[in-house]
Amino acid sequence: MSSHDQDTDCNTSNNPHFQDVLTQSLHNPARRGLLRGGLGLAGLALLPGCATMVSGLAAAPSALGFPSLDKSLLDNVILPPGYQYTILHATGDALDAALPAYSNQGIESDDWSRRIGDHHDGMDIYYIDANGRYTEKDTGRAVLCVNHESSADAHFMHPNGQTSNGVSGKKFDQFGAWDLGSRPELEVLKEINHHGISVVEIVKSPQGWRIKQDSPLNRRFTPQTPARISGPRAEIDNIRSLMVTRWDTAGAMSRGTLNNCGHGKTPWGTYLGCEENWAFYFQATGAGAGLSAKEVAARKRYGVASAAPAAGVTKAVSQGWHTVSTTDDRFTRWNLAAVGANAERDFRNEANTFGYNFEVDPLSPSSTPAKRVAMGRFAHEAAVCGLPKAGEPLAFYMGCDSRNEYIYKFVSAAVWDPRDVGSGMQAGDKYLSEGKLYVARFDATGQGEWLELNIADPRIANFAAYKFANQGDVLVNPRLAADAVGATKMDRPEWGAVNHRNGEIYFALTNNNAANRTPSKVDAANPRAYMDLDGNKGMGNPNGHIIRFKEADNKSTAKGFAWDIFLFGAEEDAGDANVSGLSAKNAFSSPDGMWFSKATGICWIQTDDNAMTDETNCMMLAAIPGQVGDGGKVTVKNKMVVNGVEQTGTQETFVGAALGDAKLRRFLVAPKGSEVTGITETADGRTLFVNIQHPGELSKPLSTGNTPQSMWPGNQGYGAKGRPRSATIVITRQDGGVIGL
Ligand code: FEO
Ligand code: CA
Ligand code: CA
Ligand code: CA
């Protein structure tokens, strides 16, 4: 139950549900043509080339080589027999030997800008060649980039919990009680700086991979690191006009990155830290006056505060970072109220500077990171690049993680040139500044369309809910543009992943609640509405599913795609809701992280769950995927109690071939209160790096003498005991073999 599990639904658009889409398509000649001419699922499976092997990769595996784990409620990382793990780094570890070792008692007096951040999330590995340049070959020396997502566990970083208005011992989360009083400067600086990205040199030793504490490559990107605002040349002035603040009245630069969740790795060797639920760090205290109706509408669509909480409201967003000082703009920037005479005198536009893919060059410690506005502003979960093909544009697939939000695609204007590998931010400027942004509509036919978000589309230019000024405005507010063109509201898009063996794209749709899914409010791509039968742990689609799609003609520039549902999360005893036929050995709930091993072809699935946590902690599973269209059409039976009355219904959808116990196995179960997220491997597939985020998340405030819910990894001998810590673990086989096979 990390902070983002409580995301509010800000999508009040009237975008169509499945029945409306079907009706439209039957009455629209263009759509009828697409239905006839598009690649039907049945036809797709028969087409030659659908499972095209990418040269240089071994064939996809036919069997997994480990026994599936039982569920676990233990406070440790559980792995199959013959596997082992070590800790690479954990929250608070010092990047410089000059800093004291982490106390794990919250007594650090430094501002954390040279320590490993908290809430380890997306990550990737970048090998270094003999000349210090990026290479895809394993040289035994690399940097590891790790996102540090959230501050929901910030109470562990202070001696006695968080302090507000002089009272310590509090446990704020982003939706916790918010006090009008002020917060201490050092606490807030630690909380700000434990966000962002850590870049750490790692080296392979006889004992395995270790961090190099004093490497000049070690770097922290925090919410205070200056970054360039980058976007299409023709729109950059329009974009910058929306970024003007007191800190940079030209709007050309902004400060830092926040709530970095999933990530992306570019084909040229840079890292994209994706800014997810940044909206909840801001408040608007003081006057709300001065904001235009349009600004208020944009903020509402992004869940950003535009007015002070009403009298008597104690549940509000943010952790009160703006309350430290009324003059120091390291803190006043978190207050979005229009308190100055104009945007150059205050921080009313500060939230416009967050919500992007934040590109960094991990091997260039002096490089300036860039916010890639051309890829759109939303709650970026991750950015997965489709298979790059020389001479063709690149496609990046991106989820917007909130309930009922959308899946997007960015297609570069520049075509891929493999000679750009290693060209750092310069290549980023080439590929990520100019291009087209699309949003997905999943149709009831098993086909889908990419809808371009362009102001030339009259539906966007004439959108009644928001009057776009120009294309720059569309890129800063694409949620609204996506509403205008009728994108499909999804069950919270989390990570995407590309199957390297056929180029198909997978997306985890982690869950949705009863307000959004009932038996009468489902569609083909989000087909289930049900309730937990043995624990009262949720209604709607509490266990989530994984959708996948195949671009028409395998082109990055495709306007259409075929889709099916790879897997439905479920408890094994969930009755009709267990559409994928899961057993006690592979039941899972709330898929979030997803990633394909290039070495083995295994599809790894990681969970961030609170709907099955009465039976098991979160987990990671290995799956052997087939391909889009290898299953068939099914009718899902839905049943749930809505307003005290049992409601039933059915929904047709398309599913992948059943995997059974042989092709879907539980490989890892995590410590208490944690989610599993972030995964990468060494090129030989023999070392897996995995992140364990927020063990002990459900711990009560420390002030009342409570024992934390988890003591991991201190309970396994890593670092000082006392409080739980997020960490990167390194998994190997005792016999040195390839992981998972
Ligand atoms: Fe940060 Fe959507 O998980
Ligand atoms: Ca249950
Ligand atoms: Ca059960
Ligand atoms: Ca996530």
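The model is predicted, so local features need pLDDT of at least 70 and side-chain atom pairs count only at pLDDT 80 or more, while totals for chains, interfaces and linings use all residues. Residues are numbered from 1 along each chain as its sequence is written, chains are lettered from A and ligands numbered from 1 in the order in which they are written, and side-chain values use heavy atoms, with hydrogens and water left out.

**Confidence**

- Mean pLDDT per element is lowest in helix H2 (residues 29–37), at 32, and highest in S29, at 99; helices (H or I, at least four residues) and strands (E, at least two) are DSSP runs, numbered from the N terminus.
- Residues 1–6 have pLDDT below 50, and this stretch has 32 contacts in the model beyond near neighbours in sequence; contact means heavy atoms within 4.5 Å.
- Residues 17–54 also stay under 50 in pLDDT, with 53 contacts beyond four places in sequence.
- Where pLDDT is low, the predicted coordinates should not be read in detail.

- Donors are N, O and S atoms within 2.8 Å of the metal (3.2 Å for Na, K and Ca); water is not among the atoms, so sites may look incomplete.
- Asp534, in the loop between strand S23 (530–531) and strand S24 (539–540), and Asp573, in the loop between strand S26 (560–568) and strand S27 (591–596), are 39 residues apart, and the pair links distant parts of the chain.
- Asp534 is partly exposed at 34% relative accessibility, and Asp573 is partly exposed at 39%. Buried means under 20% relative accessible area, exposed over 50%, partly exposed in between (1.4 Å probe, protein chains only).
- Asp534 coordinates both the calcium ion (ligand 3) and the calcium ion (ligand 2), which are 4.2 Å apart.

- Glu381 is in strand S16 (residues 380–385) and Glu494 in strand S21 (residues 493–498), so the pair ties together parts 113 residues apart in sequence.
- Glu381 is buried at 0% relative accessibility, and Glu494 is buried at 1%.

- Strand S13 (residues 271–275) is largely enclosed by the rest of the structure, because 5 of its 5 residues are buried.
- One face of S13 carries Tyr271, Gly273 and Glu275 and the other Leu272 and Cys274, and both faces are covered.
- Strand S12 (residues 260–265) is joined to S13 by 4 bridges and runs antiparallel to S13; two strands pair if DSSP finds at least two bridges between them.
- Asn260 has Glu275 in S13 as its bridge partner.
- The hairpin of S12 and S13 has 5 residues between the strands, and Gly269 in the turn has a positive phi of about 95 degrees.
- S13 also pairs antiparallel with strand S14 (residues 357–360) over 4 bridges, with Glu359 in S14 as the bridge partner of Leu272.

**Sheet S27-S28-S29-S32**

- The 4 strands form an open sheet in the order S27-S28-S29-S32, with antiparallel pairing.
- S27 and strand S32 (664–669) each have a single partner strand, so one side of each is left without a neighbour in the sheet.
- Strand S28 (residues 603–607) and strand S29 (residues 619–623) are joined by 4 bridges, and Gln606 has Met620 in S29 as its bridge partner.

**Helix H4**

- In helix H4 (residues 185–193), 7 of the 9 residues are buried, including Val188, Leu189 and Ile192.
- The buried residues of H4 pack against strand S5 (162–164), strand S9 (219–221) and helix H7 (329–332).

Technical notes
pLDDT = per-residue confidence, 0-100.
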